[in-house]
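Please examine the sequence and the structure shown below.

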Amino acid sequence: MTGKTLVAFATKGGATEEAALEIAEVLRKHKLEVDTVNLRKEKDTDISGYENLVVGSGVRIGRIYNEYHKFLENDFGKKKLALFIVCGEAGDPKDHDKVLEKHMKTTLGNHAHLKPVEFEVFGGRMKVLWKVVSDGRDPAKVRAWADKVSKKFGSKK
Ligand SMILES: Cc1cc2nc3c(=O)[nH]c(=O)nc-3n(C[C@H](O)[C@H](O)[C@H](O)COP(=O)(O)O)c2cc1C
């Protein structure tokens, strides 16, 4: 068993939380010990007890949520870090590479000290007045990515 893993997420509409909980479940199946935290509710998360971190955020009006950027200011030292973004644009597979590059560039442009072992973008779900107007979620893709992340985090399973 490797050290503990934290899956931290920033969500406004709930899609990033769903992806984060799905990722946490997959990592647990790989025998990793996993905690989750909602960064919009818990503002002072202590990462000292964690060896691996997954950090995810939604996007609105072209911006990744502030809590994601704030959390990434932490000193991760030798901890392994995997990042994901949930957004409307990533819901269309033909735009995947372009959207991945954009969000990766923004993240690493703001946090040059980071060396994530994985970075991915997933389609989100957009509601207007509580009504779903678009849904690009793909839980199978989220689970497949979490499998990949578990290997990077040292799971032998
Ligand atoms: C007001 C609003 C603005 C949005 N702006 C963008 C955007 O600029 N780019 C994008 O890719 N998706 C955009 N979206 C879609 C969100 O990224 C999508 O709803 C995603 O699921 C957000 O994550 P969350 O549900 O965890 O908050 C927007 C959604 C809303 C409701």
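## Helix 4 and its packing

The buried residues of helix 4 pack against helix 1, strand 3, strand 5 and strand 6 (118-123). Helices (H or I, at least four residues) and strands (E, at least two) are DSSP runs, numbered from the N terminus. Two residues are in contact if their C-beta atoms, placed from the backbone, lie within 7 Å. The model is a predicted one: local features need pLDDT of at least 70, side-chain atom pairs count only at pLDDT 80 or more, and totals for chains, interfaces and linings use all residues. Residues are numbered from 1 along each chain as its sequence is written.

In helix 4, the buried residues are V142, W145, A146, V149 and S150. A residue is buried if 20 or more other C-beta atoms lie within 10 Å of its own, exposed if 12 or fewer, and partly exposed in between, with C-beta atoms placed from the backbone. Viewed down the axis of helix 4, these buried residues fall within an arc of 145 degrees, so they line one face of the helix; the arc is that of the directions from the helix axis to the C-beta atoms. An α-helix has 3.6 residues a turn, so residues three or four places apart point the same way. Just after helix 4, G154 has a positive phi of about 95 degrees.

## The nonpolar core

The largest nonpolar core has 41 residues, of which V7, A8, A19, I23, V55 and Y68 touch the most other members. Such a core is a set of buried Ala, Val, Leu, Ile, Met, Phe, Trp, Tyr and Cys residues joined through C-beta atoms within 7 Å. Not counting residues up to four places away in sequence, A19 touches G56, F84, V86, F122 and V142.

V121 lies in strand 6 and counts as buried because it has 27 C-beta neighbours inside 10 Å. Leaving out residues up to four places away in sequence, the contacts of V121 include F84, I85 and C87.

## Around the ligand

The ligand is surrounded by 18 residues, and the closest are G13, T16, G58, G88 and G124. A residue is near a molecule if its C-beta atom, placed from the backbone, lies within 6 Å of it. Strand 3 gives the most to this shell, with 3 residues.

The shell divides into 6 nonpolar, 8 polar and 4 charged residues. Here Ala, Val, Leu, Ile, Met, Phe, Trp, Tyr, Cys and Pro count as nonpolar, Asp, Glu, Lys and Arg as charged, and the others, Gly among them, as polar.
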